Amino acid sequence: QVQVVESGGGFVQSGGSLSLSCAASGSTSSTYTMGWFRQVPGKEREFVANINWSRGTPHYADSVKGRFTISRDNAKNTVFLQMNSLNPEDTAVYYCAVGRLGYGYEYWGQGTQVTVSS
């Protein structure tokens, strides 16, 4: 089992920045990727960014490219999401997830709220 705990988030004005952190613990030796997703009420959860755990290769949704940066600290089993130039459309609950190769994202955090005011 893997436990996933997000931190960060909160309230910010449009154009501002926030940083999210996600720490994984437990059976993390098989981690292949860690990612961030977000969801607003009434909509499906959407992909934001992920990072290959061994290579550090990041991938981003088009909607956040150039504004968000994902990074990792392998020693601490932690992934970060730096969010800049936030706009109200970024308002959502942000979830962190841990995935193993061939299994998809199996472990999810509880989510953290990000609210961007106009």
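Cys22 and Cys96 are both buried in this predicted model. The two residues form a disulfide, with their sulfur atoms 2.0 Å apart. The structure holds one disulfide. Cys22 belongs to strand E3 and Cys96 to strand E9 (residues 92-100), so the bond ties together parts that lie 74 residues apart in sequence. The torsion about the S-S bond is about -80°, and the disulfide is therefore left-handed.

Strand E3 also takes part in an open sheet of four strands. The strand order is E1-E3-E8-E7, and the pairing is antiparallel. Strand E1 (2-8) and strand E7 (68-73) form the edges, each pairing on one side only. From one strand to the next, the twist averages 15°. Within this sheet, strand E3 (residues 18-26) pairs with strand E8 (residues 78-83) over six bridges. Ser21 has Phe80 of E8 as its bridge partner.

Thr112 is found in strand E11 (residues 112-117). Its relative accessible area is 11%. Buried means under 20%, so Thr112 counts as buried. The Thr112 side chain reaches the backbone oxygen of Gly8 at 2.9 Å. Beyond residues up to four places away in sequence, Thr112 touches Glu6, Gly8, Gly9, Leu20, Ala92, Val93 and Tyr94.

The structure holds four aromatic pairs. One of them joins Phe37 and Phe47 in an edge-to-face arrangement. Their ring centres lie 5.7 Å apart, with 70° between the planes. Phe37 sits in strand E4 (residues 31-39) and Phe47 in strand E5 (residues 46-52). The two residues are ten residues apart, and the pair links distant parts of the chain. Phe37 has 10% relative accessibility and so counts as buried. Phe47, at a relative accessible area of 30%, is partly exposed.

Phe37 also pairs with Trp108. This pair is tilted, at 4.9 Å centre to centre and 55° between the planes. Trp108 lies in strand E10 (residues 104-108) and Phe37 in strand E4, so the pair ties together parts 71 residues apart in sequence. Trp108 is partly exposed, with a relative accessible area of 31%. Phe37, Phe47, Tyr105 and Trp108 form one aromatic cluster.

Methods
Residues numbered from 1 in each chain as written. Predicted model: local features only at pLDDT ≥ 70, side-chain atom pairs only at ≥ 80, totals over all residues. Heavy atoms only, no water. Pairing = 2+ DSSP bridges. Axes fitted to C-alpha atoms, helices over the stretch in contact; angles between N-to-C directions. Disulfide = S-S within 2.5 Å. Buried < 20%, exposed > 50% of the residue type's maximum accessible area, 1.4 Å probe, protein only. Polar contact = N/O pair within 3.5 Å; in protein donor to acceptor, adjacent residues only side chain to side chain. Contact = heavy atoms within 4.5 Å. Phe/Tyr/Trp six-rings, centres within 6.5 Å; stacked < 30°, edge-to-face > 60°.
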